[in-house]
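Biologist: I am new to this structure and would like to learn how to read it. Could we go through it feature by feature?

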Amino acid sequence: MSKQPQPISPMKNFFAGGFGGICLVFAGHPLDTIKVRLQTQPKPKPGESLIYAGTIDCFKKTLAKEGVKGLYKGMAAPIIGVTPMFAVCFFGFGLGKKLQQRTPDDILTYPQLFAAGMLSGVFTTAIMAPGERIKCLLQAQATTGTVKYAGPMDCVKQLYRESGIRGIYKGTALTLMRDVPASGMYFTSYEWLKNLLTPPGKSHSELSVPSVLFAGGMAGIFNWAVAIPADVLKSRFQTAPEGKYPNGFRDVLRELIREEGVASLYKGFNAVMLRAFPANAACFLGFECAMKFLNWLAPDL
């Protein structure tokens, strides 16, 4: 194999992606809590109003009732889950790029980058589906007030007892529908913006911090613009009582559109978009910094 300028190292991608994931959780978790609470709040009875009027209202009420700690509720599960997940996600992207290169210095086209991104989406779903299911159940029980699960491990145990491994992986098809196209969009838009922002004659590694933050933040927004409808269905489906939707996501979709119209597929839009920019800007900056460090540490790996 001939040597390329900086060979794509799936291992380095793995570690740098993990670090990016940790940065993402710290920057984005408070808004994630708000997103899930808005998406899963019960429909008000006639004459009553919604528990949360919107993003700001939910933020205020959570702070007033539970303090800053309330915003970081359930963060242990994403830190434990997101770190390997982003590691695997960036690893999958690196692998997808490497598999499509005929020679090591091949420049990939945008459709090829999109395909590599989609591969990373398949990789992450294997880890992501159970973690997401547990996170949604824990975040939603805080809204309904009935405490069924003591914590993440207790949740896994109970789900396994009730319906085996299928209970833990409930919603996998929806997670795939959400993450495969969205991951393609995520990485393609990041690479596209990096190309746009790199001055002629300069290399990507010389991009300024604000440029990396902007490209990463916008990539997050493109990613979620594609992912939200599937995400709303998934949150609903994964927090629903056993047997409520016998035909899976088709039932959820039918019920949502019948009861609340097409706009309900974009529930939590503001919270998602507010979180997408800072969280993904932090993620890609963390990734790029970790990559620089790893390339300096082990240039030949």
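Biologist: Which residues does the UniProt annotation "repeat: Solcar" cover?

Modeller: According to the unreviewed UniProt entry, "repeat: Solcar" covers residues 8–99, 108–196 and 207–293. UniProt positions are given here in the numbering of this structure, feature names are shortened, and annotations may be inferred rather than shown by experiment. Residues are numbered from 1 along each chain as its sequence is written. This is a predicted model, in which local features need pLDDT of at least 70, side-chain atom pairs count only at pLDDT 80 or more, and totals for chains, interfaces and linings use all residues, while side-chain values use heavy atoms, with hydrogens and water left out.

Biologist: How much helix and strand is there over residues 8–99?

Modeller: Helices (H or I, at least four residues) and strands (E, at least two) are DSSP runs, numbered from the N terminus. Residues 8–99 are 78% helix and 0% strand, with the end C-alpha atoms 10 Å apart. For residues 207–293 the figures are 78% helix and 0% strand, and the end C-alpha atoms lie 15 Å apart.

Biologist: At what angle do helices H4 and H7 pack?

Modeller: Axes are lines fitted to C-alpha atoms, for helices over the stretch in contact, and angles run from 0 to 180 degrees between N-to-C directions. Angles under 35 degrees count as roughly parallel, over 145 as roughly antiparallel, 65 to 115 as roughly perpendicular and the rest as oblique. Helix H4 (residues 110–144) and helix H7 (residues 209–239) pack at about 75°, their axes being 9 Å apart. H4 and H7 are therefore roughly perpendicular to each other.

Biologist: Which residues of H4 and H7 make the contact?

Modeller: Contact means heavy atoms within 4.5 Å. On H4 the contact is made by Ala129, Glu132, Arg133, Cys136, Leu137 and Ala140, and on H7 by Lys234, Ser235, Gln238 and Thr239. Sorted by class, the contact has four nonpolar, three polar and three charged residues. Here Ala, Val, Leu, Ile, Met, Phe, Trp, Tyr, Cys and Pro count as nonpolar, Asp, Glu, Lys and Arg as charged, and the others, Gly among them, as polar.

Biologist: Is Ser183 buried or exposed?

Modeller: Buried means under 20% relative accessible area, exposed over 50%, and partly exposed in between (1.4 Å probe, protein chains only). Ser183 lies in helix H6 (residues 172–197), and its 9% relative accessibility makes Ser183 buried. Leaving aside neighbours within four places in sequence, Ser183 is in contact with Gly117, Met118, Ser120, Gly121 and Asn223.

Biologist: Where is Asn223 found, and what is Asn223 in contact with?

Modeller: Asn223 is found in helix H7 and counts as buried, at 13% relative accessibility. With neighbours within four places in sequence left out, the contacts of Asn223 are Ala182, Ser183, Met185 and Tyr186.

Biologist: How many salt bridges does the structure hold?

Modeller: Side chains of opposite charge can pair when their charged atoms come close. A salt bridge is a side-chain nitrogen of Lys or Arg within 4 Å of a carboxyl oxygen of Asp or Glu. The structure holds 16 salt bridges. One of them joins the side chains of Lys35 and Asp231 (2.9 Å, N to O). This pair links distant parts of the chain, 196 residues apart: Lys35 is in helix H1 (residues 10–40) and Asp231 in helix H7. Lys35 is buried at 3% relative accessibility, and Asp231 is buried at 0%.

Biologist: Which residues are linked in a network of salt bridges?

Modeller: The network links Asp32, Lys35, Lys135, Arg178, Asp179, Asp231 and Arg275. Within it, the side chains of Arg178 and Asp179 meet in a salt bridge at 2.8 Å, N to O, and both residues are buried.

Biologist: What does Glu260 form a salt bridge with?

Modeller: Glu260 pairs with Arg236, the closest N and O atoms being 3.2 Å apart. Glu260 lies in helix H8 (residues 249–260) and Arg236 in helix H7, so the pair ties together parts that are 24 residues apart in sequence. Glu260 is partly exposed, with a relative accessible area of 28%, whereas Arg236 is buried, at 17%.
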